[in-house]
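Please find below a colleague's note on the structure shown here.

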Amino acid sequence: MRVLEVRNITKKFGDFIAVDNVSFSTEEGSVFGLIGPNGAGKTTTLRMIMNIIIPDYGDISILGNSKMGTATDNIGYLPEERGMYRKMKVGALLLFLTKLKSMPKKEAQKQIDFWLERLELTDWKNKKIEELSKGMQQKLQFIATILHKPKLLILDEPFGGLDPINTNLIKDIILELKQNGTTIMFSTHVMESAEKLCDDIFLINKGREVLYGKLSNIKKSFGRENVLIEFEGNDDFLKKSKQIKKFDNYGRYVEAQLVKNADTQKLLKEAMEVSIIRRFEIKEPSLNDIFIESVNVSDAEGDENE
Ligand code: ATP
């Protein structure tokens, strides 16, 4: 089932087109990553989905409903700007928010205790929000987003400002929620998180679609591979080999980008003739590589059209 469907949405601020004819959909129980550089139009897109701003063109339907008001209890939204009632106590705030989502009090209290424990905030339950660090406030806001068990989660930069341990914690929870059938959409420019979590991605640059589809298909269609080579000895083969387009030497190992349809066996043979190979690993391109290359190409095309 399609949980979210976005059709040809466009948003202008004055003469500036922040989002330009964007369409995508998300399947139930999947993780969808909206990725793109700073200022690409991610937050504007998410705000349109949340009905905070209205598209100039196009339409959006959530859980089969194009009138958002009726679906909001089924949505959890983590906005980019994190603002909470600073003087309120953690537990009281969460209880207040569950009331707004019409959750029965007993169930709400159970859920609040469970999630505070899970996010290691139990000791802060009776503290004021203003006493929490920025990262703790973000974890609290994440709890507020998921407490009412929404069917669709919309998270704007959920990992921004979190340390690696808490980033992993949130990643684990996102995957658990997915297992339970929740559909999750999040924006990020941290490619490592998107690569680990997403089934589908939409790469937006300057308001426009650059790449969209299943991450596995995008990787395949990118059609080139890298090779990691760890070796001892002469490295002349790297410069001479016709199989290599370019390479980066990281000291301990070399990462080589291959030419199209490269013969990796030939490269291995060339390397073995002049050095001792400790490791020879063919890698598909990382989402980071795909992101950088695709954004550069789309920027260059944009410049040509100007
Ligand atoms: P980041 O990763 O930096 O948060 P983003 O992809 O979320 O970026 P948006 O916040 O959607 O980008 O902004 C897209 C573009 O629209 C930017 O150039 C921004 O300056 C512009 N923009 C966003 N909101 C407004 C507004 N209310 N008025 C005018 N311009 C806006």
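1. An N or O atom in the side chain of Lys42 is 2.8 Å from an oxygen atom of the ligand; a polar contact here is a pair of N or O atoms within 3.5 Å, and within protein one must be able to donate a hydrogen and the other to accept it, while residues adjacent in sequence count only if both atoms are side-chain atoms. A polar side-chain atom of Glu80 likewise lies 2.8 Å from an oxygen atom of the ligand. From Gly41, a backbone N or O atom lies 2.9 Å from a ligand oxygen atom.

2. The model is predicted: local features need pLDDT of at least 70 and side-chain atom pairs count only at pLDDT 80 or more, whereas totals for chains, interfaces and linings use all residues. Residues are numbered from 1 along each chain as its sequence is written, and side-chain values use heavy atoms, with hydrogens and water left out.

3. How many residues surround the ligand? There are 13, and the closest are Gly39, Lys42, Thr43, Thr44 and Glu80; a residue is near the ligand if one of its heavy atoms lies within 4 Å of it. The shell divides into five nonpolar, six polar and two charged residues, where Ala, Val, Leu, Ile, Met, Phe, Trp, Tyr, Cys and Pro count as nonpolar, Asp, Glu, Lys and Arg as charged, and the others, Gly among them, as polar.

4. Helix H1 gives the largest share of this shell, three residues. Helices (H or I, at least four residues) and strands (E, at least two) are DSSP runs, numbered from the N terminus.

5. Helix H4 covers residues 134-146, and its end C-alpha atoms are 19 Å apart, which agrees with the 18 Å that its 13 residues should span at 1.5 Å a residue; the expected span is 1.5 Å times one less than the number of residues. Of these 13 residues, 12 are buried, that is, under 20% relative accessible area, with exposed over 50% and partly exposed in between (1.4 Å probe, protein chains only). Among them are Met136, Leu140, Phe142 and Ile143. The buried residues of H4 pack against strands E5 (75-78) and E6 (152-156) and helices H2 (90-100), H3 (105-118) and H5 (164-179), contact meaning heavy atoms within 4.5 Å.

6. Not counting residues up to four places away in sequence, its contacts include Val227, Ile229, Phe231 and Phe247.
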